[in-house]
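Open the model in your viewer and keep the selection panel at hand. Each stop below tells you what to select and what to look for.

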Amino acid sequence: MLATRITRIEERLSLHGINNYQITYPEYLNFDQELFATPREVGCRVMILTAIAYTIQDESKKYGIINWLKNENIWSHVSEKEAAYLNSRTTKEDEILDLSWKIEAAYILAWALGLVDDKPMPGEEATEAQINNMIQQLPALGDQLESFLSNLSFRDAVEIYDENIFYELTTTHFRDTLFSGGKSRADVHVPASFERHLALNWLRRFMNIQDWDDTDTST
């Protein structure tokens with residue numbers, strides 16, 4: 001089983017132009033699902049990230065989003081940085097750019113919950129059709145969330161974990177390439193892949209970190 005998983009991950013990396021990484025320790029793929037965030041916590045995060053993406057298009061909606069998140073009792077799941085953004089009247093351009101990539105995190109978490117089946121391509125951003133499909137599977141912003149959050153479950157945990165390892169190794173590849181002064185030819189979209197890596201690290205509580213802002217992406 002572990003050998004099959006290793007082969008599948010390595011072949012996928014090679015398919016996308018990353019040929020110099022091998023998983024030499026099978027134990028690397030062992031995990032304890034009991035340490036994962038709960039499906040409910042992941043659902044809250046998907047809704048928060050989607051709501052923030054909405055406010056990027058129209059910052060006047062921040063106040064209404066704050067009230068909604070509080071009324072639905074998930075404001076406690078909003079991170080410190082997210083709360084600061086939502087409560088701010090003006091936002092720096094670099095912060096808006098950073099937040100705009102978080103829709104990639106929302107999508108891969110929705111995939112982990114089985115809300116969407118179409119996994120994003122490593123070399124591309126999630127497509128408009130994929131994002132629209134995800135939004136159709138979620139409660140509308142402003143709707144009640146309890147029924148949705150209470151009925152979530154994960155897709156196969158091995159599939160989630162191996163997706164995390166794939167993106168962990170793409171991050172390793174790009175960091176090693178950067179530090180060596182080289183140039184990567186990998187068919188992997190750097191900002192999108194990093195957001196997927198971060199989101200799945202948070203889901204599996206990498207380094208036992210639960211806070212979204214503090215999620216570790218070291219490799």
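This is a predicted model: local features need pLDDT of at least 70, side-chain atom pairs count only at pLDDT 80 or more; totals for chains, interfaces and linings use all residues.

Residues are numbered from 1 along each chain as its sequence is written, and side-chain values use heavy atoms, with hydrogens and water left out.

**Stop 1: α10**

Select 190–203, which is α10. Helices here are DSSP runs (H or I, at least four residues), numbered from the N terminus. α10 has 14 residues and spans 20 Å from its first C-alpha to its last, close to the 20 Å expected at 1.5 Å a residue. That expected span is 1.5 Å times one less than the number of residues.

Now colour by burial. Of the 14 residues in α10, 11 are buried (under 20% relative accessible area, 1.4 Å probe, protein chains only). Among them are Glu-195, Arg-196 and Trp-202. What covers the buried residues includes α2 (39–57), α5 (93–100), α6 (102–112) and α9.

Step just past the end of α10. Arg-205 takes a positive phi of about 60° there.

**Stop 2: α6 against α10**

How do the axes of α6 and α10 cross? They come within 8 Å and cross at roughly 50°. Axes are lines fitted to C-alpha atoms, for helices over the stretch in contact, with angles from 0 to 180 degrees between N-to-C directions. That makes α6 oblique to α10; oblique is what remains after under 35 degrees (roughly parallel), over 145 (roughly antiparallel) and 65 to 115 (roughly perpendicular).

Show side chains at the interface. On the α6 side, the residues that meet α10 include Lys-102, Ile-108 and Leu-109. On the α10 side, they include Ala-192, Leu-198 and Leu-203. Contact means heavy atoms within 4.5 Å.

**Stop 3: Thr-215**

Go to Thr-215, in the segment after α10. Thr-215 is buried, at 12% relative accessible area. A polar atom of its side chain lies 3.0 Å from the backbone oxygen of Trp-212. Beyond neighbours within four places in sequence, Thr-215 contacts Leu-198, Asn-201, Trp-202 and Ile-209.

**Stop 4: Ile-165**

Finish in α9 (residues 157–180), at Ile-165. Is Ile-165 buried or exposed? Ile-165 is buried, with a relative accessible area of 0%. Leaving aside neighbours within four places in sequence, its contacts are Ile-9, Ile-23, Tyr-28, Leu-29 and Arg-204.

Note on methods. Helices (H or I, at least four residues) and strands (E, at least two) are DSSP runs, numbered from the N terminus. Buried means under 20% relative accessible area, exposed over 50%, partly exposed in between (1.4 Å probe, protein chains only). A polar contact is a pair of N or O atoms within 3.5 Å; within protein, one must be able to donate a hydrogen and the other to accept it, and residues adjacent in sequence count only if both atoms are side-chain atoms.
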